[in-house]
Amino acid sequence: MYSSRQINLKPLFLIIAVSLHSALCMGQAGKTEITKWQHDKNGAVSITYDDASRNQFKGALPVMERLKMPATFFVITGPIKGSKYQGKFVGRPVQEIIKESATVLTNDQNFLERCSAAGYLGFKGTISYHTKAGGLYDSGKKDKAFKMMDSLYDKVRNGDFQPGYEPCPEYKEAIGSTWDDFRKDAAEGYEIASHSITHATMPGLDEANIRYELEKSKEDILNEMGPKYTFSAEVPYGYENERVMQIAYKIYPALRNRMPEPWLKEIDRASKQTPGTTDKDYIQWQRGGTTKTPLPLMKSWVDTAANKNNTWLVLVFHGIDGLGYEALPHTLLDEYFQYIKSKESQLWVATFGNVTKYMREREDAKVNAVEKNGKITVKLTCSLDNKMYDIPLTLKTYIPPGWKRVKIQQGKHSRHPSITKDEKGRFVLYQAYPNTLATTLAAY
């Protein structure tokens, strides 16, 4: 039988709930994880520019400097004053190739040689044949590519071109910058990365000429900027040609064209796909702003990255203020970048190279945390080359319920982070470099 007097069970339930919560927090104490993105943000954004056209630095760079936003510039190194390496054909004398073309039509055996030489036959106006034929060849339209080469060499033999050399439009639009300019930009936190020597269409090049374009561009950057800026590259026109990629992977650690990581899902610029569910840790979502892209749509890309927890939005821009491919006004970029800036509490805005390094370090790293004698000792290790992979990882360590303030000691350096709370308990966030001294956390 129940008593006619009601028993108030609320205090008992409250005691049980508090006890369970305390036990849970105690169980979490010392637990340490590497956050998915630096500073425990929801997602990441990288602003990238191709070609290094003059107006990128006259129009877009001042906007980013004012907003203190980093970016990556994939630069064509040939036009930069002081570069050691310029465009050339690596192979036998071009006069032999021209002479042979009179009796042997272009085919699978000789196409790459002829297309590689096309811009260096000693005449102006031939580079466009290389660009178009290389694109046709990459898309599987080999017969059209062969006919284009036959047409070019016929015209060369007939004297239809003016003597001289003329590079592609992207090359000419980049003339004006100096290595001193790029060193200044790098000192402000901008990533300078390779976009080849001449902006060649690499699916139309043979291996020797692909290597020349990529390796010598890297060598100039190394000599002028240092090894830090030889990490990232973009093969021109965004090609993902398998033969080209396999060569390029051996020269640069990170390509924006493609990153075949087992833990990364890639969505390229041409895809209409949006980030959805995936069993991979990360999604790289490339989007290209063009003259046909409405600003609200561009802003929605930012919102998507901010509202998920696994998406890296890689923005690709080319022309600015009337100069270059799909040139956008810097005033539009100003409004767009201000919108990205307003989301910085949710998004980590960083260079292409730094986000790549963070993800790879996180995927490789191991963290070991031990709570003993009122202290938590955290050791972070990683097998990657720490001269190349030099980005600090963000650690999240849960602390005991009784700790009111926390002191973090890393060698001679100490800090006092704020304490935050989530459903698992109270924690602190801090930065740590792998393979350095252990980090110690203690109450004070």
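**Helix packing and a few residues**

Reply: Helices (H or I, at least four residues) and strands (E, at least two) are DSSP runs, numbered from the N terminus. This is a predicted model: local features need pLDDT of at least 70, side-chain atom pairs count only at pLDDT 80 or more, and totals for chains, interfaces and linings use all residues. Residues are numbered from 1 along each chain as its sequence is written, and side-chain values use heavy atoms, with hydrogens and water left out.

Me: At what angle do the axes of α11 and α12 cross?

Reply: Roughly 25 degrees, and the axes of α11 (residues 295-307) and α12 come within 10 Å. Axes here are lines fitted to C-alpha atoms, for helices over the stretch in contact, and angles run from 0 to 180 degrees between N-to-C directions.

Me: Which residues make the contact?

Reply: On α11 they are L295, M298, K299, W301, V302 and D303, and on α12 they are L332, E335, Y336, Y339 and I340. Contact means heavy atoms within 4.5 Å.

Me: New topic. How many disulfides?

Reply: Zero, counting a disulfide as a pair of cysteine sulfur atoms within 2.5 Å. C168 is in none, and the nearest cysteine sulfur, that of C115, is 13 Å away.

Me: Is C168 buried or exposed?

Reply: Buried, because its relative accessible area is 4%. Buried means under 20% relative accessible area, exposed over 50%, partly exposed in between (1.4 Å probe, protein chains only). C382 is buried as well, at 13%.

Me: Where is Q431?

Reply: Q431 lies in strand β17 (residues 425-432), and it counts as buried at 19% relative accessibility.

Me: Which side chain does Q431 have a polar contact with?

Reply: That of T394, at 2.4 Å. A polar contact is a pair of N or O atoms within 3.5 Å; within protein, one must be able to donate a hydrogen and the other to accept it, and residues adjacent in sequence count only if both atoms are side-chain atoms.

Me: And what about T439, which strand is that in?

Reply: T439 is in β18 (residues 439-443) and is buried at 3% relative accessibility. The T439 side chain has a polar contact of 3.0 Å with the side chain of Q410.
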